[in-house]
Amino acid sequence: MTAPTTPSTALLVRGLNVSLGGRPVLHEVDLAVPTGRWVSIVGPNGAGKSTLLAALAGLLPAQGHISLLGQDVASMSPAYRARTLAWMGQNEPAGEDLRAWDVVLLGRLPHQGWLSGLQAQDLQVAEQALRSTQAWDWRERSMGTLSGGERQRVLLARALAVQAPVILLDEPLSHLDPPHQADWMDLTRALVAGGATVLSVLHEVSMALQADEMLILQNGRLVHQGACADPRTHRALEQVFDQRIAVHTLDGQALALPRRAASTQAQASA
Amino acid sequence: MKHYWFHRPLHLGLLLGVLTVLLLALGTLAGSGGMDAPPSVLRAWQAGADEDGRMLAQIVWQIRLPRGVGAWLAGALLGLAGALAQSVFRNPLADPYLLGSASGASLGVCLALVAMDGALINVHWLGRLGLTGAAFAGAMLAVVMTAALARGVAQTLRLLLAGVVVAVVLGAGSSLVLQMHPQLLQSMQGFMLGSTAFVGWDGCALMLAALLLGLAVTVALGRLLDGLVLGEHTARSMGLPVDAMRWVLILTVALATGAAVAHTGLIAFVGLAAPHITRRMVRWGARHGAVLAAMLGGLLLAAADLLARLVIAPAELPVGVLTALLGGGYLLWLMRRANDAGVMQ
């Protein structure tokens with residue numbers, strides 16, 4: 001008798017190509033995301049980060065092979081896939097008229113039948129999700145009355161309420177103030193410690209460097225995948241951002257700082 | 001914090017139900033010569049009523065009651081269709097006529113009138129059935145054309161644009177037919193302004209069937225409709241069959257709109273105002289929201305029908321004009337209040 005083992009690779013992608021409106025956006029992307037790790041995706045604007053995340057979630061027509069926890073995504077039922085993989089997009093509608101509480105309960109949809117109502121467990125999970133993103137206090141408020149950061153934390157709780165082992169988050173830190181960014185990092189660490197796999201697109205490179213591993217995209221291609229602590233990852237980062245950032249290590253943490261252009265540097269020293 | 005008039009959807013539902021029953025009862029008293037006294041109407045139903053009493057009973061049963069019930073049903077269908085359209089298009093300004101059904105129904109009626117070359121008032125029941133069928137077929141055909149032009153129902157914006165194009169083209173078709181047959185203008189006007197005067201029990205039965213079907217779809221898809229609120233991508237990521245749902249919902253909107261328009265003509269504003277007002281009175285949820293919007297739409301049209309009969313009795317106002325005035329005025333007032341409170345959304 002053996003307990004079911006979790007595959008060591010959460011997401012395995014081979015030869016992924018995605019075109020949007022006839023324009024190729026992702027070219028031949030191969031990648032492997034290990035289970036139980038936090039992996040960040042970075043790259044310049046328009047590199048295809050959000051497209052990659054949406055394609056991995058099965059939201060865009062894509063060519064290539066994607067397997068999720070060892071199973072071919074194409075052969076999964078939509079409901080099973082939805083329970084295995086949660087996705088939170090960027091700039092998606094938030095349901096202005098709904099209460100925060102109702103929005104988070106929608107995260108339980110993948111666990112419900114067509115006509116079945118909410119179970120006690122659904123309410124419990126939704127409460128837990130709202131508390132974990134410090135959004136419990138405004139559960140009764142409509143989404144339309146929340147600030148950008150408050151709304152973001154409710155949407156994050158909605159994604160967490162799915163209780164999927166693989167979580168894809170597109171810019172989860174947008175609109176969040178520094179204390180809540182730090183809270184989000186603690187939350188992600190706790191999720192990963194609990195065995196979940198988190199893949200997040202992050203705009204802020206210093207935040208992205210806090211992850212376990214990093215995927216670097218440029219012009220629709222994966223140009224580097226490596227550990228965030230690895231100096232080769234730092235060099236690859238500096239390169240895709242045209243040497244306009246410099247990665248330093250401070251108190252054992254990697255930190256990206258802007259670097260002034262060569263011409264302005266020359267002017268300043270003159 | 002947003003303030004709602006009703007804490008629980010059930011309370012609003014009960015109030016709407018009570019008001020509807022009162023209104024329909026009041027409607028049985030309203031005749032062309034003003035209001036009958038309740039005792040005389042009640043006496044007419046008792047055994048051994050005199051000639052006048054039997055006549056009155058027949059008028060109430062054959063004309064006043066089906067007319068009131070029909071107005072309520074048509075309003076409920078439009079309210080339901082409006083609520084579903086707003087959910088599908090995630091736009092509080094969406095209305096049931098958005099997909100070209102109104103102009104399709106108009107063209108259908110136009111062509112049927114040409115074929116019969118008769119006036120709306122004078123055609124007997126077979127002709128009226130023909131007009132109803134033509135309006136319904138026209139509405140459904142227009143929606144199918146819109147969906148075909150938009151190459152499916154997957155893209156909201158393309159669908160809305162296709163709806164506008166179909167409405168303009170079919171509207172031009174109606175204008176052309178009327179240009180060639182100017183004698184039909186007056187009959188056509190009755191249809192364009194909307195009228196509840198000719199609804200009989202058979203029409204009521206058809207509208208009731210459409211309403212029950214629409215409500216069944218709404219209840220079955222309610223939770224999924226709520227999921228659509230978070231956008232198509234998020235809904236898909238939660239495993240919802242978004243494309244299939246949209247087809248079912250759009251066909252339901254077309255069926256409900258077609259059934260209403262076929263029996264009462266183009267009633268303005270109920271489909272837009274009913275869900276909109278519901279949204280402001282109680283916290284929205286796709287399932288109870290659509291049911292309450294249907295009840296409110298019914299109440300609104302039944303009230304407008306009663307007023308249309310009384311305001312300039314013995315003549316009648318076109319009911320569509322009244323719905324536009326009542327619904328539009330109320331909505332404007334609500335928006336003004338919201339503006340004053342600084343919570344305009």
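A: **Strand pairing in chain A**

Four strands of chain A form an open sheet in the order S2-S1-S4-S5, with antiparallel pairing. Its edges are strand S2 (23–34) and strand S5 (71–72) of chain A; each has a single partner strand, so one side of each is left without a neighbour in the sheet. Strands here are DSSP runs of E with at least two residues, numbered from the N terminus, and two strands count as paired if DSSP finds at least two bridges between them.

The model is predicted: local features need pLDDT of at least 70 and side-chain atom pairs count only at pLDDT 80 or more, while totals for chains, interfaces and linings use all residues. Residues are numbered from 1 along each chain as its sequence is written, and chains are lettered from A and ligands numbered from 1 in the order in which they are written.

Leu68(A) has Gln71(A) in S5(A) as its bridge partner.

Another set of pairings involves strand S9 (residues 213–218) of chain A. Strand S3 (residues 38–42) of chain A runs parallel to S9(A) and is joined to it by four bridges; Ser40(A) is partnered there by Met214(A) in S9(A). S9(A) also pairs with strand S10 (residues 221–227) of chain A, in the antiparallel sense and over six bridges. Within this pair, Leu215(A) has Gln225(A) in S10(A) as its bridge partner. S9(A) and S10(A) form a hairpin with two residues between the strands, in which Asn219(A) takes a positive phi near 50°.

For the model, the scores are ipTM 0.89 and pTM 0.83.
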